[in-house]
Each structure stands twice: as structure tokens, then as C-alpha cells.
Amino acid sequence: MVNLEGKGGMKREGQRSLLEKAIEIILFVGALSSIIIVFLIIAYMSLEAYPALNLDFLLGWFWDPKKEMFGIFQIIVSTLYVGVGAILITTAIGVPTAIFLAEFCPRNVRNVIKPSIELLVGIPTIVLGFFGLMVVIPFIRDNFGGWGTSVLAGWMILAIMSLPHVISISEDALRAVPNSYKEAALALGATRWQTVKKVLLPYAKTGILASVLLALGRVMGETMAVTMVIGNPRVAWIPTSILDRAKVLTSTILLDWSYVEIPSMHYHSLFGIGLVLFFIVALIDVTATYMVKRGVIK
Amino acid sequence: MKQISTKNCTHDDLMVNDAKIDVRKLNVWFGDNHVLKDINLKIREKTVTAIMGPSGCGKTTLIRSINRMNDLINGSRTLGEVYIDGYNIYERNTNVYELRRKIGMVFQKPNPFPKSIYENVAFGPKIHKMARGKELDDIVEKSLKEAALWDEVKDRLHNSAFSLSGGQQQRLCIARALAVKPEIILMDEPCSSLDPTATARIEALLRRLSEKYTVVIVTHNLQQAARVSDFTAFLYMGKLVEYGDTKRVFENPQSELTEKYITGEFG
Amino acid sequence: MSWSSLQKTFFALILLAILVLGVHNTWTMSNLTSTVYTMQSTIDNLNSMLGNYTQRLEGYLTIAGSTTVLPIIQTCANLFMQENPGVVISVSGGGSGHGISAVSAGYINIGMSSKNLTTEQITDPDPDLQPVAIALDSVAIIVHPTNGFVDDLTLEEVEMIFNGTITDWSHFGGSGEIHVYTREAGSGTLECFEKFFMKHSDITGAASEKTSNGEMKATIASDPAGIGFLSVGYIDETVNPLKIDGVEPTVANIKTGAYKIKRWLFLITKGPPTKIEQAFIDFVLSSQGQEIVEQQGYLPLEWFQ
Amino acid sequence: MIGAQKEELIIKIILWIVSLISVSSFFVIFLYMFINGSRVISLEFLTTAPNPIFWTGGIFPQIIGSLYLVALCTVIAAPLGILTAIYLSEYAVDNLITKIARFFIVTLAGIPTIVIGLFGLAFLAYRLNLGISLFSAGVALSFLTIPWTITVSEEAMRAVPKEYREAALALGATRWQTTWHIVLKTAAPWIMTGILLGIGKALGETTIPLMCGGSGLETFIPRSLFEPVGSLPVYTFIFATQGNVSSAYDRAFGGSLVLILMFLLISVSSLIIRNRYQKKMRT
């Protein structure tokens, strides 16, 4: 039994608080780990990319390793073209599904839909890519002509990949609307859709937009499924039609990483692409999280 | 009721030097908000002291500075001294854990741990390594009896604490505090979320507790303060306006502010 | 007072330094682990020593590079591993460029290449890379089996298709756009194809890039309008090799030289090969190895000695 | 308000259709993989090594390789993730370092896997001479899963009501005792689902093991940390893109199906954990 009565009981520091300090330091160093990892990745990538980082790399028009031309401007534009297109499809299908789940869906149907969407998050991208290769590409080739491997195929696969992410976050944003607002509108005799249109959507707008942005970041960072379905022409160009093939940042790295000679300019420009990709996605993520924070405060 | 000689001044200076809790010139800031201003207060051992005042007058902050719970609030700053048994708890190397063990605290909303009833009460002795096995069971039983909860829970000790009613949960929190053998019990509006019957039981329990422990209770319920406490302190805008024997404070309040508060004209 | 944050960050920096040092030492640690590993497997081998009189080999080999050489080496590796249970060989593709750069970077034991090191394509070949020729191969132009529009192409026709001048099958009486496929820039097969066919121009930028013989074959086998080039060893009934100037790319024609396109396949080590590497290379050059070469549709060395 | 009611009906129908599309996409993919994959799944397929030349054989080394990879990655990512989460939710006072840490966690969560793969290859495999091996791939994968573990664990800890901590501290518990006995024990199920989410991500990842893990067609199980490792996603990738005979596609379907079934196992178990403990958090 600890001696309770002694006045000195409270005086000595006791080894407990030393243990506390030690634990706090361990946790602090643990917390540093994520900083160290990201710092290490960025530092090393920049170190390896440094020789290639110049204007005619970023704005250069042609990417043709054989002729030592390493311009990635067209590749960046194609990446945005593929990414944004896929996100538009995801939003067009995802947000209404979120609205349906949040407002219109009967309970028993919801118990079927919600888990299946959560499982859709789990589908590995390689399976999506393989599904694209075996089903989507022949479907496009037979029905729309052309090569089959195309921007359209990329859109479809990336849309399926980012759908569950957008649906679940948009639904949470819609559910976060205080009930009092909803009841006020319903009490005025508004139909459910009018309440959604007039009350829920304006309130949840930032949340939904943030989830779409986050999905864009993920889609542009995707490698495996895109490379299998996008066609990868030898020299990049800006796709003119949705049946055109395209060459995106991630597929460029994946196709070339294995055979580049270590010290060559091609090797450094691959790291340059990695860095550019990193900054684009980081920029999107940060704006998305900032919007969520600001949205909440507003 | 113990009769204490009191001088006729707004600030009853109990001519007592064996005060259990002696607060001297206590000032507390949260960021730049000066919450408590020059509080001087002497609380005698084994009495029930009520601290009352309008909301936002700093009564909760005062009670929390007795067991240094304010330190946990980010950006809090405390000046002045609080002597417990003649030892200033704001000294540099005070063993805060030992201090909080000596001073039990019961919160406004009952907050039992998401564990079983037994685990809740046994938590305190376990972390202070006070007892194990059979001894621990005894402490749990003794504490629950002291909190007048034993008969209602003795055959379902291992059920979740959430299976209890609001009043029962609050008494469980009291039992939990008693398990670590405190000397002082602080209560922050313990009955504000309880129904009248549960409140009555808690108040009866309070009376019995004050025979063994020094009880300090924060309340905004005047009748409760009058019924339960030996001494009453009235805080207003962070200042101690009046402090003295409960009967005297309620029957002929010295300061005009206290009178207004008691008659319910504001606050 | 608890530690001021300055003290905390200072302490964390020391920890960081230790972390970085620790990481730096892992490469010594990795050598340590491989020695421990070899010691451990030698102990395993000791108890089975009596049954096998030959000097037991153990350790592991990583071989990567040209997908042209890949089938030969994969089969040889499986047989070699059966005969030497102590040895584990990991064989992966990635193309000749990958094989050369990986072996010169020193993180694989043997590089496979279907291009010899002296060609202009390799900017500054690593001086102490030692190639060993193990077989010969050729490159054929392939189309989808149902593509009836073409059966025999001249050198010029092939060049005009692959440099984007001829873009439609109607030129050969068919219809629909020609889908041109090519190989990644580091591929030995691509280099050989360009040396023989693309004498005056470059492959069109519109051609889709495939990263291995296998992927090229799979793509042509599934794209009726596709045309590409493939190592002869890979040809099977799923693709249709075309005659060039009347000569069919069969092993016999290559042997006699009627089919002019021919190239050597190499295994490359950095500096003199170690005991295990030499044992494996000897195995590939042995009659059993050369039989596997022929079996896989390639050309054994002695046919051209 | 006839117009409004008509509009309501139309919208309802549209929403029903759109939701069915998004849900059906999952069922279509799953059924397609299940039908094609189940043809090839057999005990022999699951217990023999692949024969990459004739596109035959089984996927045993790949399954074990994937499990090795995921195990190594979790051993690194889980402790680091939970430590960071505890620090951020329990100990962190909002100073510069915690702000930077949060910013980096967001960026680390967003880093494309190809960038981590490239880093793993160039830094871990070449520079640190760990080689294309189970170790480099495991470490690189942990970079992918750490941020997910952190975010989910921190959320779980923040969900524990503040009152519990105050009650524990008021009893004289130290900060670590409060964190351990109250916060961690209550939030444990959710932290567990966080780790499972990380495992799922690591299992389904293809680019990183492809670049710094090994050829994916290994016919053996790695005997040491520094041997190349085959993994199920890479196997599926190579068989899907390079195999042209039907037996190759069948095995790619088999690989995909096994991968999806492993996934369902993880997702279902995390759902079960979450529901079973839902009641306990009721306050």
C-alpha cells in the first residue's frame, strides 16, 4: 500500500513522470517518422531529377527518348485530360448515388448497396486493369472502332476505381447537414428533391467538391490499370478524340523504368516526371483538405 | 453543524490555521482571458463547501485549480498558491499524479469508462498499484457501499457501466473516486443532469461523505447549496464576493451583489 | 518544467542521425545477412552431403534482361535448380537495356541481352562487362492469323508501314487502319529490327509501345488490324509471321542465311563470373543447354561455328 | 405544385438508375472474375509453382510471397502509424512540428505508388544495396500504408470522448496510463480496421512489388529477406499482358479471383470487428 498520509507524499517527483517523459519522446520520434519518410522521398527524387529539371523538360513538346527529346508538356496535358474526364464521369454517377443513399434509399436496399460500394473500394487496381483489357477494350474496339485502347477506356476504368471513394465521402457530407435545416424545408412543403437541391447540396458542396478533388489526385496517381488500357503511343501527343490513345505520366515511368541506363538523362527525366506527378497530386490534396477545413468553418 | 466564530465582514476570514485547502491570491488566465482574480479562500477539513455564482463566474475553474486539472487546458496560466495540508501544490516538482489521487473529482455529466462496473471502480487502485486480487475486490465493494450503490449492482458487477441509470452512473463515478482513498472530493454540478429523486440521493450521500472527506461542490442551484453545505462561497465575474457560514450568507448576505443573486434578480 | 520543445527537437535530431547511420549500415547488414544465409544453407547441405558426391553449389542468382533470351534462361534455370537444389535462380525480363544497366549497376548477377555491347545505342558501355554469346535469334514481322491482306512484304513495304507512310490496309487490298506496334526503346529486338528494316527513317510516333516479346505477341494475337515484330523463338500458331522478299522466317532459312536477319544472344557478367555464375553459363553452353535453345525455337551456337 | 411532384418522380427514377449503375459495376466485375477465375482454381493450382514458359502451373509461391510482403509491410507500418496517431491525438500540442507532420501525412497519403516504387528501386534497391528483394518491396509498401494507418487510428482515438480522459486524469492516472487503459483500449477495434485497411492496400498494390520486389514469376519462396519475391498482383499483371494463350488468361483470372477473395476476407473481417464493437462505444 502506497504511503498516503506522509506530507512528503506529494513532494518527490517519482519515477512515474520520468517514464512519462520517455514515452513522450518515443511517440514524438514516431511522429517524426512520417516527416522523415516524405522528406527522404522528396529529397532523393529531387536529387535524381535535378539534371533533367529545366524548362524544355517541363514545357518541351516532344517526348522521344531515342532522339534524346524529353519534353513532357503533352504528357502532362494528356494526364489532365484523362484524369479530369474520369472524374467528370465519377461525379456524374457518384454524386447522384450519394444523394440517393443519403435521402431516397429505403433501409433494406441501403443495406445491400452500402457494403457493396465499400467492397468496390477494395478491388485491386490490377484486377480493374485486367477487366479493362479483357472486356472494355474489345467492347470499344468492336462498337466504336479504332484501337480499343483509348482515353475512353482509361476514363471508364478510372471512374470505376474512384467511384466508391466519391460516393462514400459525398454521402457523409450530405448526412452532415444538420437535421433542423432539412426539417425546416420539409415543413414548408418542399419535396424531398427540392430540399436536396435547395438545402443539402449548397451545405455539402465543399465536402463533395473536396472528395472529387481527392479522387482526381488518386486517379492521376494511378499507374497499373491506366497503363494497361491507355494505348501508350511511342511519342506522346494530346489526344484529339476520346478514341485516341494517350501517354500519361505514370505509364511513361512504368514503361521505361526497367531499361533506362542508370546515369543517363532518360533516367533523370523519369525522376523528373515522378517529381512533377508528386507536386501535382500534393497540390490537389492540399487544396482539397484546405477546402474541407474552410468549408467547415464557414 | 459546527459553530465557527465569524467576523462581520463581506469576506469572512476564518481565524483558522488548520484549513485543509488554503487558496491565496489565486489568479488564472486562459489565453488572455483573466478568469479568476485574487481569490483567497480557506476550506476546513471534513466540511461541505458550496461554490455558487452565475454561469461563467469561474466557479468550475476554481474547483479545477485545486487538483490542477486546469494544467491540462492548452494556454492556461496560474499564479498564486493553493495549500493542501500546508503544502503548496503549485510548487515546481509536485507529484501531480499523487495530488490528483488525494483529490477525487466528480464531473457534471456522469462519465463512467466504457468498461464493466467492477473495472470502473478498480481502475484507480490498479493504476496506483494499490491492491490486487482479493484486496482489490474488497476495495471495490467498500467503495460501492460507501457510494450507496452496492446493493443495486452487487450481482452484476461485470455488466457494462452503461447499463446503469444516470443517477447510478454518477454514484459509480463517486465510488470510482473513493476507491483511491482521497481526502478531498470536488464535485462540479454533479446533479445538473439528474432527475430530482437521483439528486436527492446524491445530496444525502454528500452529507454522509463529509464525515470522512472534505467536500467542495460547485452548483448553480441555490436550494441545493443551502441544503447541503456548511459554508458557501459566492463568485461573481471571477472575484470572490462573499464567503462564510451558509446560514449567515443566505439569511443576511453582507454584499449587495450576493443578496441580488440569492433573491434571483440576476444570474 | 517539462522539456522545452527546443531540447526535444535537439534530442530528436540526434535520434535522426542515429537512424540515418543505421540505415546506411543496413547495406553492411545485408551482406552480413547473405553470409548468414549462406552459412545456414551450407549447414542444411552438410547433412545431405553424403548422398551427393559432386561439390554442392549453393547461393542464389538473379538474372534479368532481354525477353528474347528469357525463355531459354528460364528453362535452363529450372533444370539447373533441379540438379543443384542448393541454388535458387530468379529470372525476370525487362528488356536488354534493363539487363545491361542492372548488371553494370551490380544489383543482379547475370544480365541477358540480345544486343551486343559495342553498338552505338549504348552511350558508354561499362568497360568490365563480359558478354558470352549463348545462342542466335532472328526477328520476324507478325500479323493477326486472320489478316489475309498480306502474306509477303518487301523491305521497303515494311519500312513504309512502320514509318507511318502506309497507314491503311487498303494499300494491300484490305480495309481499316493499320495498328503499328513497336517495342520499348531499350529492346534488343527493336534494335535488330531497326538495323535491318528501318534503314532511312524512324518508326512512327503513333506506334504503340509494348515492353516485351510476350506482350507484343499477346497484343498482335488479339488485334486483327495489328502488325509488329517478334523474336523468332516466340512464334507460335497465335500469330502469323510474314515472308520478307519471298523468304519465310523459318529456322532452316535463317540457318542457311536465306533469311538474312540474324543476331547473337548474350549472358553478361560484371567482371569475371563467380563460381555459381560460371557453372550456370557452362550449363547453358553445354549440349543439354543448347538442346533447350533449339527446343525453344532459337538457333544453337554450333550451327554457326 | 403538380410540376414539383412530377419533377420529384423523374429525379427519383434517375437516381435509382444511376445508383444501380454504380452498384452493378462492382457485381459485374466480381461475377466476371468469379466465373472465369473459378474454372482454374483447384487445389493443384493453389499449391504448385508457376511455369512461365508454357503459361501453366499454380500460384503457391505468389500467394506466400504476397503474404510475406504484406506481413513485413504491416510490421513496419502498424507500429509507426499507431505511434504517430497516439502522439498527434493525445500528446501533440499544436506547435509547428505537429502542423508539419499533419501536412506531410496528407502528402504521403497522396503520393502516387509509381513514385514510391521508383524511390524504392533507386534508393532502397540500388543506393542502399538491398537489391530487388522482399525487404526493399516491404519497406516501400510500408510507406504506402503508414499514412492510412495514421489517419484511421487518429480518427478512432479522437472519437473517444474527452470526458473519459478527464475522468482518468482526475483519478491521478498519468497521460500514458490514460492513453493506454482508456483511449487505446476503447479505440482498439477501429485501429484494427485501420491496420486491415492498410493490409488491403498493400496486398492489392502492383507497381511497388513489380519495381523493387522481383520478377513476380518466382518459382520459389524467398528464403531470406534479401531474395526476390513473387507476388499475386505482379503475377496477374504479367500473365494478363504477356500471356497470349488461353491457359495464361485463365491463370490471370485465377490470380485476380484469389486476390479478390483475400480482399473480401479482409473487408468482411473489418466490418465484423466494427459492428461487434459498435455497441461498446455507445455513450
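Reader: In chain C, what stands opposite C:Lys210 of S8(C)?

Author: That would be C:Arg183. Keep in mind that this is a predicted model.

Reader: What makes S7(C) and S8(C) count as paired strands?

Author: Pairing needs at least two bridges. Strand S7 (residues 179–183) of chain C is joined to S8(C) by three bridges, so the two strands pair. They run parallel.

Reader: Which strands belong to the sheet, and in what order?

Author: The order is S8-S7-S9-S5-S10 in chain C, five strands in an open sheet with mixed pairing.

Reader: Why are S8 and S10 of chain C called edge strands?

Author: Strand S8 (208–210) and strand S10 (240–241) of chain C each pair on one side only.

Reader: How do you know which strands helix H5 of chain C packs on?

Author: Touching here means heavy atoms within 4.5 Å. Helix H5 (residues 188–196) of chain C touches strand S5 (139–143), S7 and strand S9 (226–231) of that chain. The direction of H5 makes about 105° with that of S9(C). As for H6(C), that helix lies across S5, S7, S8 and S9 of chain C, at about 150° to S9(C).

Reader: On to the interfaces. What makes A:Glu48 and D:Arg127 a salt bridge?

Author: The cut-off is 4 Å from a side-chain nitrogen of Lys or Arg to a carboxyl oxygen of Asp or Glu. The side chains of A:Glu48 and D:Arg127 come to 3.1 Å, N to O, so the pair qualifies. The rule finds two salt bridges across the interface of chain A and chain D. There are also 11 residue pairs in polar contact there, both residues at pLDDT 80 or more. On the side of chain A that touches chain D, helix H1 (residues 14–49) of chain A gives the largest share, 21 residues. That side divides into 53 nonpolar, 15 polar and nine charged residues.

Reader: How much area do chain A and chain D bury between them?

Author: About 7,100 Å², with 82% of it on carbon and sulfur atoms. A:Leu27, A:Phe130 and A:Trp257 supply 10% of what chain A buries against chain D, more than any other three residues.

Reader: And how many salt bridges and polar contacts link chain C to chain D?

Author: Zero salt bridges, and one residue pair in polar contact, both at pLDDT 80 or more. Between chain C and chain D about 2,400 Å² is buried, and carbon and sulfur atoms give 64% of that. The contact takes 33 residues from chain C and 26 residues from chain D.

Technical notes:
Residues numbered from 1 in each chain as written. Chains lettered and ligands numbered in written order. Predicted model: local features only at pLDDT ≥ 70, side-chain atom pairs only at ≥ 80, totals over all residues. Heavy atoms only, no water. Buried area = accessible area lost by both parts, 1.4 Å probe. Polar contact = N/O pair within 3.5 Å; in protein donor to acceptor, adjacent residues only side chain to side chain. Helix = DSSP H or I, 4+ residues; strand = E, 2+ residues; numbered from the N terminus. Nonpolar A, V, L, I, M, F, W, Y, C, P; charged D, E, K, R; others polar. Axes fitted to C-alpha atoms, helices over the stretch in contact; angles between N-to-C directions.
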